[in-house]
Amino acid sequence: MAKRTILIHPDPRLKAVADPVAEVTDEVRTLAEDMLETMYDAPGIGLAAPQVGVMKRLLVMDCVKDETLPPRPMVLINPEVTWSSEELGTYEEGCLSIPEQYAEVERPAEVEVSWTDLEGAQQSERFDGLWATCVQHEIDHLNGKLFIDYLKPLKRQMITRKMVKMKREKARA
Ligand SMILES: [Zn+2]
């Protein structure tokens, strides 16, 4: 396994629509392993392939927050939301590509998602709570959408300016 570099907003790759994974190859399995390692190391609860510069429809997540419970690393290939609840839920979201910025985002409280797993089998599951927010946030990444796109333009621009400044300072260091 190898850690990958997480792209920081703004970056055109974070605004692009990712391509479906045609086949679960060794390359795809390596990408998934690397992404899980990168996510746990960050640390974060979700990571989408475009965030490491790979324009494929693949995401990883593990929303088990209780450290006494076993981890549940999940890999979702070509995920699709097949059902969303009318009921909405609000979470304070963050993003590994937008470090140290958090904002409340309202999304369907429950979603049903289908995807292909690492064995190439079709899976489907209903998610709620933090898992529902996380999976929707990560699927958005596959469509070039960030959580700040749900915010008012002024707030979004403020965060983007902070990121531009942070990247400039990093590049200079
Ligand atoms: Zn994110």
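Within strand β3, Leu76 is the bridge partner of Leu59, where strands (E, at least two residues) and helices (H or I, at least four) are DSSP runs numbered from the N terminus. The model is a predicted one, in which local features need pLDDT of at least 70 and side-chain atom pairs count only at pLDDT 80 or more, while totals for chains, interfaces and linings use all residues. Residue numbers start from 1 along each chain as its sequence is written.

**Strands around β2**

The pairing of β2 with strand β3 (residues 74–84) is antiparallel and runs over four bridges, two strands being taken as paired if DSSP finds at least two bridges between them. Strand β1 (residues 46–48) also pairs with β2 in the antiparallel sense, over three bridges, and Gly46 has Met61 as its bridge partner in β2. Strand β2 itself (residues 58–61) is covered on both faces, with Leu58 and Val60 buried on one side and Leu59 and Met61 buried on the other. Here a residue is buried if 20 or more other C-beta atoms lie within 10 Å of its own, exposed if 12 or fewer, and partly exposed in between, with C-beta atoms placed from the backbone.

**The annotated residue Glu138**

UniProt, in an unreviewed entry, lists Glu138 under "active site"; such positions are given in the numbering used here, feature names are shortened, and annotations may be inferred rather than shown by experiment. Glu138 is placed in helix α2 (residues 129–142), and it counts as buried because it has 24 C-beta neighbours inside 10 Å. Leaving aside residues up to four places away in sequence, Glu138 touches Gly46, Ala48, Leu59 and Met61, contact meaning that the C-beta atoms of two residues, placed from the backbone, lie within 7 Å.

**Backbone geometry**

Pro10 lies in the segment before α1 (26–41), while Pro43 is found in the loop between α1 and β1.
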